Amino acid sequence: MAKTTVGGASRRRVLRLAGGGLALAALGAGAAGCREDDVDEPAAGGDKPAGSKEPSAGGGGEDGKAPKALWSQSVPAETYGDNDELVSVAGMVIASGSPLSARDAATGKERWSLPDGAAPGAPLLLGDGTLYLASGKYDGTVSGYDPATGKETWQGRLGKEYRQPRPIAVDARQVYVVAEILEKDNSSHTNLIAALDAGSGKIVWSEQRDLGTEQNGIHAAVQGRHLVYTDFKKNLTVRDTSTGRQVWTQKTDKTNYGFFTVHEELVIVPQGERLQAFTLADGARKWSVKAGHLTVFKEPAVVDGVLYIADTARTVRALDPATGKEIWQSKALAEAGFQVPRQYVKAGKLLCAATDLDKDGGVAALDAATGELRWTFNDGTGDHHSWLVATDGKRVFALHGKKLHALPV
């Protein structure tokens, strides 16, 4: 079994959660609260991941070799490793940064850019054909753009009494934002969460959050009539999307930096060595899965109705998200000396997973039906940034620092 090491939060890991110009303030608070959840897994194999020596002449990594990139471009990316800082939509692939640059998915050529782009670390949210951004101008606006052209099609504003509104989730009807509440001396000690109408941009509802909660480090999702979010304070909260009323909240003692996923009427949360599912309606626990001895679960994702999650022993599991029952378990990444994956996309029959660390990480392609390792990809730059992946179904896009690669499926 792979050995785990426990230490303080790395600067990159804390910054990726803070984002939006709030990174320095979050650094001290985030590092102080880190426990066994901050595990950087040492390599169990050689110095190079499987299949990283010779790119294949084409195709999706024949004979286990790394696929040859269809194209690679330098981009003005400014990312903190969060999963929603790279998106593929409307024939474009877009990475968070300033300027915000949209590349043609087929060729890699720039099609449009926004000079002020998105606030660094803020998510790129897609809803009903619109790309929603926190303004890089820090002028209190939240804007929506046509992802095919980069033209602004929507704008929402909370008002002068609020600062730095940032979108955290979106559905077909509303855009959900958090913002600081300004005091008379222009300081801020509290924040609110609000819903803006996706048509008019007007406030539908707003609720002040409890004293001591923070507006940075938030992860959020909308599932039906429920808005679910977590934060640095290890709160898991569910609100009614129509009224903003808090349905329930509870402490999650061993969350993995607040990452979770949702499926139908469940929210699925890794808590150290246990993965737990709670019902959105009342917070009752539905099922629980335990990791191996001295290992903890990492970030989960539900992709095409299957729950994928890795642990710090580099075992990847495919589970039924409704019941927690195992579909398959793979130790292929550990055997290949590959790093722990933390983000997943599915392209064709491949499950592509991205890692934090570069030296023994990158992007790994697993057979989505069996968990067998097909190939791995690493650009060899040694850049310290996390890997991010997105897909348009035809290609897998891998962002590493300021290098964007399009890989064949």
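Buried means under 20% relative accessible area, exposed over 50%, and partly exposed in between, with a 1.4 Å probe and protein chains only. This is a predicted model in which local features need pLDDT of at least 70 and side-chain atom pairs count only at pLDDT 80 or more, while totals for chains, interfaces and linings use all residues. Residues are numbered from 1 along each chain as its sequence is written, and side-chain values use heavy atoms, leaving out hydrogens and water.

**Exercise 1. Find the order of the open sheet that holds β1, and describe the aromatic pair of Trp 71.**

Let us start with the strands, which are DSSP runs of E with at least two residues, numbered from the N terminus. Two strands pair if DSSP finds at least two bridges between them.

Step 1. The open sheet has 4 strands in the order β1-β32-β31-β30, with antiparallel pairing. Its edge strands, β1 (71-74) and β30 (387-391), each pair on one side only. From one strand to the next the twist averages 20 degrees, where axes are lines fitted to C-alpha atoms and angles run from 0 to 180 degrees between N-to-C directions.

Step 2. Strand β1 and strand β32 (residues 403-408) run antiparallel and are joined by 4 bridges. Opposite Ser 72 stands His 405 in β32.

Step 3. Now for the rings: those of Phe, Tyr and Trp (its six-membered ring) pair if their centres lie within 6.5 Å, and planes under 30 degrees apart count as stacked, over 60 as edge-to-face and the rest as tilted. The count by this rule is 6 aromatic pairs. One of them joins Trp 71 and Phe 397, a tilted pair at 6.2 Å centre to centre with 40 degrees between the planes. Trp 71 sits in strand β1 and Phe 397 in strand β31 (residues 395-400), 326 residues apart.

Step 4. Check the burial of both partners. Phe 397 has a relative accessible area of 0%, so it is buried. Trp 71 counts as buried too, at 7% relative accessibility.

**Exercise 2. Classify the ring pair of Tyr 132 and Trp 154, and decide whether each residue is buried or exposed.**

Step 1. The ring centres of Tyr 132 and Trp 154 are 5.3 Å apart and the planes stand at 85 degrees, so the pair is edge-to-face.

Step 2. Because Tyr 132 lies in strand β7 (residues 130-134) and Trp 154 in strand β9 (residues 152-157), the pair ties together parts that are 22 residues apart in sequence.

Step 3. Tyr 132 is buried at 3% relative accessibility, and Trp 154 is buried at 6%.

**Exercise 3. Which residues are closest to the centre of the second largest cavity?**

Step 1. A cavity is a set of points on a 1 Å grid over the protein atoms alone where a 1.4 Å probe fits but cannot get out; lining residues have an atom within 4 Å of a point.

Step 2. About 70 Å³ of space lies in the second largest cavity, a volume being the space filled by probe spheres set on the points. Of its 11 lining residues, the closest to the centre are Ser 135, Tyr 138, Gln 164, Pro 165 and Arg 166.

Step 3. Strand β10 (residues 162-170) gives the largest share of this lining, 3 residues.

Technical notes
On a 1 Å grid over the protein atoms alone, a cavity is a set of points where a 1.4 Å probe fits but cannot get out, and a pocket is an open set with protein on both sides within 12 Å along at least five of seven lines; lining residues have an atom within 4 Å of a point.
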